[in-house]
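Thank you for sending this model for comment. My notes are set out below as numbered points, to be read beside the sequence and the coordinates.

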Amino acid sequence: MQNSKLYIDVTLSKIKSQEEKIWIRWTKDNWNTSYITEALNNISNNVYRTNEISISIGETLFFYVFTTLNLTSPPDDSDIDLFSINYD
């Protein structure tokens, strides 16, 4: 299959704090495995974009977005659900 480039844009309803990180947890196999990437590229007012995600044409990608404060790296896999219990 041919690979395609995918970017996820996140629009925030408010300005994020300097300590806040925007994370996207995503999967291509129904959550058997998952990955976390940061939306750190501010492309316009309150719109942040992930780095490139490689996906094959015909694949489905599921994701959700959450934020954290004062984390310099993504949460550990064992803790990820604790960060996503309360989300919009």
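**Notes on the model**

1. In β5, the residue that forms the bridge partner of T11 is V47. Helices (H or I, at least four residues) and strands (E, at least two) are taken here as DSSP runs, numbered from the N terminus, and two strands are said to pair if DSSP finds at least two bridges between them. β2 and strand β5 (residues 47-50) are joined by three bridges and run antiparallel.

2. Before going further, please note that this is a predicted model, in which local features need pLDDT of at least 70 and side-chain atom pairs count only at pLDDT 80 or more, whereas totals for chains, interfaces and linings use all residues. Residues are numbered from 1 along each chain as its sequence is written, and side-chain values use heavy atoms, with hydrogens and water left out.

3. As for the overall make-up, the secondary structure comes to one helix and seven strands, and from the N terminus on the elements run β-β-β-β-β-β-β-α. Of the 88 residues in the protein, 33% are buried, where buried means under 20% relative accessible area, exposed means over 50%, and partly exposed lies in between (1.4 Å probe, protein chains only). Among the contacts with a separation of 6 or more, 64% are between residues 24 or more positions apart, a contact being heavy atoms within 4.5 Å.

4. In which order do the strands of the open sheet lie? Five strands form this sheet in the order β2-β5-β4-β3-β7, and the pairing is antiparallel. β2 (9-11) and β7 (62-69) stand at the edges with a single partner strand each, so one side of each is left without a neighbour in the sheet. On average, neighbouring strands of this sheet are turned by 35 degrees against each other, direction ignored; the axes behind this angle are lines fitted to C-alpha atoms, for helices over the stretch in contact, and angles run from 0 to 180 degrees between N-to-C directions.

5. Strand β3 deserves a paragraph of its own. Eight bridges join β3 to β7 in an antiparallel arrangement, and in that pair K21 stands opposite T68 of β7. With strand β4 (residues 35-44), β3 pairs over four bridges, again in the antiparallel sense, and here I24 stands opposite T37 of β4. Seven of the eight residues of β3 are buried, so this strand is largely enclosed by the rest of the structure.

6. One of the residues in strand β3 is R25, which counts as buried because its relative accessibility is 13%. What does the side chain of R25 contact at 3.1 Å? The partner is the side chain of S34, in a polar contact, and a second polar contact, of 2.9 Å, joins the side chains of R25 and Y64. A polar contact is a pair of N or O atoms within 3.5 Å; within protein, one must be able to donate a hydrogen and the other to accept it, and residues adjacent in sequence count only if both atoms are side-chain atoms.

7. The largest nonpolar core holds 11 residues, namely I8, V10, L12, I22, I24, W26, A39, Y48, I53, I55 and L61; such a core is a set of buried Ala, Val, Leu, Ile, Met, Phe, Trp, Tyr and Cys residues joined through side-chain atoms within 4.5 Å. β3 (20-27) and β6 (53-56) each supply at least two residues of this core, and the largest share, three residues, comes from β3. Apart from this core lies another, of five residues, among them W23, I36, Y64 and I80.

8. I53 touches S4, K5, L6, I8, W26, T37 and L61. L12, found in the loop between β2 and β3, is buried, with a relative accessible area of 18%, and touches I22, N46 and Y48. L12 and I22 are 10 residues apart in sequence and 9.5 Å apart in space, C-alpha to C-alpha.

9. Finally, the backbone of two loop residues is worth checking. N30, in the loop between β3 and β4, has a phi near 60 degrees, a positive value in a residue other than glycine, and at 59% relative accessibility N30 counts as exposed. N46, in the loop between β4 and β5, also has a positive phi, near 60 degrees. Most residues other than glycine have a negative phi.

Definitions and conventions
Lists of a residue's contacts leave out its neighbours within four places in sequence.
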